[in-house]
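Dear colleague,

Please find below the structure that I am handing over to you.

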Amino acid sequence: MAIIAGERVSGTMMSEFAFTVPETVTFEEAIALTQSILDRMQAGELSPDAIAAAISELVKTKNGARGFFVNYLTSESTIADNPSQEVVQALQSNPDTVSELLVKNLAMSATMAITHRRNDNHQMAEGSDRVRSRTARIIELVKLPQVYQQAQSLLESAITGEGEYKPFLAKWGYDAEQRQVISEELQQILN
């Protein structure tokens, strides 16, 4: 269990606070912890070091990273539109898990936008577009070789229907148009 400490600024008074990231953090706990981090970031209550430490602890596990991305990428706050250097550094601390999730989030958000538009739910489509845009921006900033390796593997599967990501594509039942959008998104980050 990691205890993350920081400074809370209230008016002109500073007090310390701490929160913990359990070693076996659940997906739900990670979502809640991410919300707490985002709220404190928005309020200016976390130092850059505390932000980096907290997010680094979260993304150490797949559940933690999944919960972080679900909350961070879908947040109504604009804080996720321009990730800070602390967020980028924290994500770079676990490149394998982070890379896989970034590539999958890019694909899933792009395809969900299509699904929502097909269902005439333009508000949900805009939300999916925002997640796709935020994910692409993070990919650009983290510059992890693993992201490009994962992206290449998913691109090959999207084009051929075979390979490492065949089970992922089959699980979600992506049709030809959705696989085409996945390919286009991945080609943009690979170029």
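**Largest pocket**

The lining of the largest pocket contains 12 nonpolar, 9 polar and 5 charged residues; here Ala, Val, Leu, Ile, Met, Phe, Trp, Tyr, Cys and Pro count as nonpolar, Asp, Glu, Lys and Arg as charged, and the others, Gly among them, as polar. Please note that this is a predicted model, in which local features need pLDDT of at least 70 and side-chain atom pairs count only at pLDDT 80 or more, while totals for chains, interfaces and linings use all residues. Residues are numbered from 1 along each chain as its sequence is written, and side-chain values use heavy atoms, with hydrogens and water left out.

A pocket is an open set of points on a 1 Å grid over the protein atoms alone, where a 1.4 Å probe fits, with protein on both sides within 12 Å along at least five of seven lines; lining residues have an atom within 4 Å of a point. The largest pocket holds about 670 Å³ of space, the volume being the space filled by probe spheres set on the points. Its lining is made up of 26 residues, and Val70, Lys104, Asn105, Met108 and Ser109 lie nearest the centre. At least two lining residues come from each of helix H3 (62-74), helix H5 (95-118), helix H6 (122-142) and helix H8 (166-172); helices are DSSP runs (H or I, at least four residues) numbered from the N terminus. H5 supplies the largest share, 9 residues.

**Salt bridges**

There are 11 salt bridges, each defined as a side-chain nitrogen of Lys or Arg within 4 Å of a carboxyl oxygen of Asp or Glu.

Glu76 forms one of them with Arg130, with the closest N and O atoms 3.4 Å apart. This pair links distant parts of the chain, 54 residues apart: Glu76 is in the loop between H3 and helix H4 (85-92), and Arg130 is in helix H6. Glu76 counts as exposed at 68% relative accessibility, whereas Arg130 is partly exposed at 29% (buried means under 20% relative accessible area, exposed over 50%, partly exposed in between, with a 1.4 Å probe and protein chains only).

Asp81 and Arg134 also meet in a salt bridge, at 2.7 Å from N to O. Asp81 lies in the loop between H3 and H4 and Arg134 in helix H6, so the pair ties together parts 53 residues apart in sequence. Arg134 is buried, at 2% relative accessibility, while Asp81 is partly exposed at 31%.

Kind regards
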